[in-house]
Amino acid sequence: MAANLARRAALIISLITMLQAGCGYHVAGHNNALPKSIHVIAVTALENKTTSYRIEQKLTSATVHEFLARTPYKIVSTAADGDAVLRGKVVSLEAVPLLFDTQSGRATTMLVTVKCEVSLTESATDKVLYHSANFVFRNEYEISTDVPSFFEEQDPALDRLAQDFARKLVAAVIENY
């Protein structure tokens, strides 16, 4: 009975993975949908509409880094200096336990969901190049069950979350999903 359940779960996970992997016809990061007139993108600080301390700083910094690392654009922080301006709001941040340690009962894996409102607007024309009122980033992260190391891991965990978020956001903006 348990073996059947495990096989079914593995089959469902495999199917979901295949469906997600096969949904596009291009390699991420290689289809630039932005106008050729865009050379400088202003990435303004994200607004934080959550109670999570400094999450907007981490996400903004990681987004700037991702644009610099993955695109040919010059990135500035002042909206007036950009050919296009990226603005956004962190609407919610949610972390829910996903897996538990059978010995201690503590969570070992968390599912983190970040919801944002994001837009990229061309400065010269005010044309919206990309907009998502419900940009959702979701990923699983393992956490330590050791209390002292759990608190030591908090900043590095936020950094990993921010990097993963920025990778998805920059790909979405550039490829105009």
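Predicted model: local features only at pLDDT ≥ 70, side-chain atom pairs only at ≥ 80, totals over all residues.
User: How confident is the predictor in the protein, and where is the pLDDT below 50?

Analyst: The scale runs from 0 to 100. The protein averages 80, and 76% of the residues score at least 70. Over residues 9-29 the pLDDT is below 50. Beyond near neighbours in sequence, that stretch has six contacts in the model.

User: Why is Ser132 called buried?

Analyst: Buried means under 20% relative accessible area. Ser132 has 13%, so Ser132 is buried. Its place is in strand 6.

User: Which residues does Ser132 touch, leaving aside its neighbours within four places in sequence?

Analyst: Ser132 is in contact with Cys116, Glu117 and Val118.

User: What makes the pair Ser132 and Asn134 a polar contact?

Analyst: The distance cut-off is 3.5 Å between N or O atoms. A polar atom of the Ser132 side chain lies 3.4 Å from the backbone nitrogen of Asn134. The pair is therefore within the cut-off.

User: Why is Asp126 called exposed?

Analyst: Exposed means over 50% relative accessible area. Asp126 has 60%, so Asp126 counts as exposed. Asp126 lies in the loop between strand 5 (107-122) and strand 6 (128-142).

User: Where is Arg54, and what is its phi?

Analyst: Arg54 is found in the loop between strand 2 (47-48) and helix 2 (55-70). Its phi is near 65°. That is a positive value in a residue other than glycine.

User: How much of the protein is buried, and how much area does the protein expose?

Analyst: Of the 177 residues, 33% count as buried. The protein exposes about 11300 Å². Carbon and sulfur atoms supply 56% of that area.

User: How do you know what share of the contacts joins residues 24 or more positions apart?

Analyst: A contact needs heavy atoms within 4.5 Å. Take the contacts with a separation of 6 or more. Residues 24 or more positions apart account for 69% of them.

Key. Residues numbered from 1 in each chain as written. Heavy atoms only, no water. Helix = DSSP H or I, 4+ residues; strand = E, 2+ residues; numbered from the N terminus. Buried < 20%, exposed > 50% of the residue type's maximum accessible area, 1.4 Å probe, protein only. Areas by Shrake-Rupley, 256 points an atom, 1.4 Å probe, with all protein chains shown as cover. Polar contact = N/O pair within 3.5 Å; in protein donor to acceptor, adjacent residues only side chain to side chain.
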